[in-house]
Each structure stands twice: as structure tokens, then as C-alpha cells.
Amino acid sequence: MAYTALYRKYRPATFEEVKGQDHIVTTLKNQINAGRIGHAYLFCGTRGTGKTTVAKIFAKAVNCEHPIDGSPCGECTSCRAIAAGSSMNVIEIDAASNNGVENIRQIREEVSYAPTEGRYKVYIIDEVHMLSIGAFNALLKTLEEPPSYVIFILATTEVHKIPVTILSRCQRYDFHRISIDTISERLTQLLAQEQIESEEKAIRYVARAADGSMRDALSLMDQCIAFHLGEKLTLDKVLEVLGAVDTEVFSRLLRAVLEQDVTKAVRISEEVIAQGKELGQFVSDFVWYLRNLLLIKSSDRMEDVLDMSSENLALLKEEADLVNDDVIMRYIRVFSELSAQMRYSSQKRVLLEIALIKLCRPSMETSPDALVDRVAALERQMEQGLPSPTPDRPAQMPEAKPAKPAPAEPETETATEPEMPKAIPDDIKQVVENWQSIIQSLSGLTRTYLKKAHLSLGEANQLILIFDDKGAYDFLTMDTREQDIETQISKWAGRQIDISIRKNDTGRPAGETYPDLEQFIRMQIDVEAD
């Protein structure tokens, strides 16, 4: 006897068997019981949520000789014929392959003939959004005024592609994604009927991987059962079959990123690749892991929302204390963008490694959330003690130079790890803390460039403005601009403030080479719109 896939074997035959779409089932049953049956219905929603299944059940119910509370009896001649696919009253059309005007004209000719048996002729047009514009126009008149014995059921996953003229002629029903609990309950019932022993964790993982689609859940479960036929279905076996990764790997990866250890993060990704895991699934699961972290930090009562064991929940709470909300949201953004890029890329490994480097090196990005990540990293360093210069990273501090009206090329020095100044004068602190308001009175382009300045401290308490951007340096040192800036700052401070404008020639971002006064003073930066 030929094997039947689970999603076909256990396809619902009555409204009562449909899971997760109670709002639609109840409405359709009430219409049948009251005899208020419409002539055109639009079923829309994501894949595998029951659109075609409900359409077939509805077709059986309206033609059933002995309906039971709005549901088909399944025993009469009409019900058996429709279930077997031999009924002339139910016509299924795949609009993906029958999307021309001629196909719709054929339907218009057929609807003029009344059904030979039963009460209604039901046309189920699947993926209706694939119809051409001409086909939609040909369908309009028939859809608006069909014979009393004709019902149209249009099904689509992309309702935004349906013309408004079609939408206005249909009763619209939106099929929701099915919850993890509902899918898990259904899978548990089916496995019991199939006499397959399984772990609850394994079932719930399959339910989550299905992403709201009951059909996908049954297909994934079929795959897992086939791979481990005759064995108990455990979480480890499901992870192996689906190419997924255990949460322990995500934990290690997160800690490597927080430590800004690129080598360790890349090695973890190599382990995942060596085990044959699917990288797209790995990225999606890591985003879900980060989502759980964010939920844990958002509320103390997330145990019922998060689908995981108490051991994993305790570990997640521990890791949630290590990272800020804004940093987590940056990680989610980077990996969500990566997930979209991976769908069409043949270099998934390269994209993954680049994303990991981005997470470990927030200085590579200039977005606001990357800046927050850099600040958080500096705070962690300060709590642990700033690293002292090492032989492979010699020290460098900017030398003081007097303000000059003419541009002068700075001397190139060896790059170093920045060290916190032992003492920062109060007047310099005041200038740094109020930097954005001070530069507001300057001209437009000067103000724009000064917002990019990296503020540091030189010898003799000189305020140094360091720029990674050569264009900013050239502009601000042209003519008497440097002297004008110094005058403006001194006027604000009420005392002489010596400044020096430098260009960063170290080959590394200024934040990695020069001490950053903004971070050491822990000022609150109010970024004003240009």
C-alpha cells in the first residue's frame, strides 16, 4: 500500500477538525445553518493555514444531503464524491497555470449550466493573484452577478495583488498563523495515532519551525519520523534532521560577541558549518534567541511566553544581565538584514562572517544603535579596568601644537591603545559636556564637520579635535577657521581654551587610538538634527 504523507492523511474533513481558524469556521457554519450563503468568498493568508481545506469543506457542506450543525456529514453521496474528487459540482482551478483570459471565459460558459446533482456548483480558484489583468476583467461580471447556484471561492497568499474591483465583490476571510500551542497539540494527537513515541520538546520545536503553518509542521514531522524510523523522536534528533542548532551554541556565540572576540565567534560559526547545519536556519534561530533575550529583559513575567525548559530559561536570564536592550536590538537588526541577504546569495558563509565581525566591531558602523554598542563596550572595559599598552600595540598620545591660522600636516606617529588622562581640567570638561550647544552658533558646514570631531586631550590641557575624515580636516584648517573656532570656544568658556585640529593618519578609527573625552567624562550626548 502506497504511503500517504501526514498532511494529506490527516487533512480535516469537517469544520470541527480545522485548527486555529475558529473565527472563520464559526462564521461559515452560521451562514450554512441560516441559509445566508454568499456567492463569492476570498480566503487569504499565509501558506498552510487551511485556505484550500476550508474551501473544500465548505463546498461539501453546501451540497451535503444531511449537514450536521453546518458541517458535512461525510456519508452522503455528494460528500463522498467531493472527497474522492469525482464530483462535477466542485471545480478546482490552479490560477498559477490557468491564468489567461481564455481560462476565465471557459468558466463563464460553464456557469450557465445548472448542477446535475446537488444544489451548488463551487469554483475554487487557488493562487488567484496569479491571474492576468485581462483574466481579472473577464471574471468581474460573472463574479458580480453569478447564477444563484454558483459559488466562487478565491484563495491567495498575496491579497495585495488582487484588484480592488475583485475585492469589493467578495466576502473576505483572513486566515491567521496558527499558534505554537495549537500546532503542538495537533502533532501530539497525530503521533499518538501513528504510535510514535516522542519528546514534548521535539514536538514544540517542530511547531515553532513551522512558523504558523500546520502543513509545514506536518511535512517537517514527516521528515523527522522518516529519518529516525522506529526510534523515539527526541529534540536532538529533530535538530539533526532540520539542520538546526542547540541553544548552547547561541549562548557561546553571544558571549564571544560581547567579548568582541572575532576569532572565537568565527570559530563557532565554523563548527556550525562543519556539522552541516543550514546557515539560513542558523541565522533565523539566532534572531529568535535574541528575541527571547529581549523579552526576558523587558519583563520579569515571561516564563509563560517563552517556550523553553527551566534550565535554558535560567541561562537566558543570566545572559540577559550581560547586555543592554539597545545592543540586543542592534544584533537583531544586523542578523535580520543578514537573513534577507542570504535568501539570494551563494556566499552565505562570507555574509555570516561579515555580520559577526560587525557585531564584534561596532566601530565599523555609524548608526545610532552601533554607537550605543560602542559606549556599552567602553563601559564594560572601564568596569574591568582599561587595558594597558602591550608590545604589539605600542602607545601613542597626541602631541600639543599651537593653534595656527594656516593648515599644517600633523606628524604621523605610531598607533596606540588610548589611555585615560589622569586629570581633566574643569573648563575642558564643561566644553566637552556642552559641545553640541557650543558649536550650534557656528556656520552650517563648520558645525556639521565639528559634530564628527573626536574630542581628546593633549599636553598642557590642550583640547584636540581629531577627524577621520580628511575633507573635514582640510576645511576646518583652511584660512583662519581654526582660530575662529578657538575664539568661539574660549568666548563660551570665559577663558582661553587652546585647541588643535588633527587628522587621524593611524589607519585605525580615532576611537581606538586616542582617549575619548566624551566617554571618560560619561557625558550625555544630545544629538541635534542638522
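Helices (H or I, at least four residues) and strands (E, at least two) are taken here as DSSP runs, numbered from the N terminus. The structure is a predicted model, in which local features need a pLDDT of at least 70 and side-chain atom pairs count only at pLDDT 80 or more, while totals for chains, interfaces and linings use all residues. Residues are numbered from 1 along each chain as its sequence is written, and side-chain values use heavy atoms, with hydrogens and water left out.

The chain has 25 helices and eight strands. Of its 530 residues, 46% count as buried, where buried means under 20% relative accessible area, exposed over 50% and partly exposed in between (1.4 Å probe, protein chains only). Among contacts in the chain with a separation of 6 or more, 72% come from residues 24 or more positions apart, a contact being heavy atoms within 4.5 Å.

Helix α10 comprises the 14 residues 214-227, and its end C-alpha atoms are 20 Å apart, which agrees with the 20 Å that it should span at 1.5 Å a residue; the expected span of a helix is 1.5 Å times one less than its number of residues. The buried residues of α10, including Met214, Leu218, Met221 and Ile225, pack against α1 (6-9), α8 (180-193), α9 (200-209) and α11 (235-242).

The axes of helix α12 (residues 247-258) and helix α14 (residues 279-298) come within 10 Å and cross at roughly 75°, the axes being lines fitted to C-alpha atoms, for helices over the stretch in contact, with angles running from 0 to 180 degrees between N-to-C directions. The two helices α12 and α14 are therefore roughly perpendicular to each other, a term that covers angles of 65 to 115 degrees, whereas those under 35 count as roughly parallel, those over 145 as roughly antiparallel and the rest as oblique. The contact involves residues of α12 that include Phe250 and Leu254, and residues of α14 that include Phe286 and Leu290.

Two residues with a positive phi are found in loops. Glutamine 260, which is not a glycine, has a positive phi of about 55° and is placed in the loop between α12 and α13 (262-274). Glutamate 127, likewise not a glycine, has a positive phi of about 50°; this glutamate 127 lies in the loop between β3 (121-126) and α6 (133-144) and is partly exposed, with a relative accessible area of 23%.

Threonine 477, in the loop between α22 (470-476) and α23 (481-493), is buried, with a relative accessible area of 2%.
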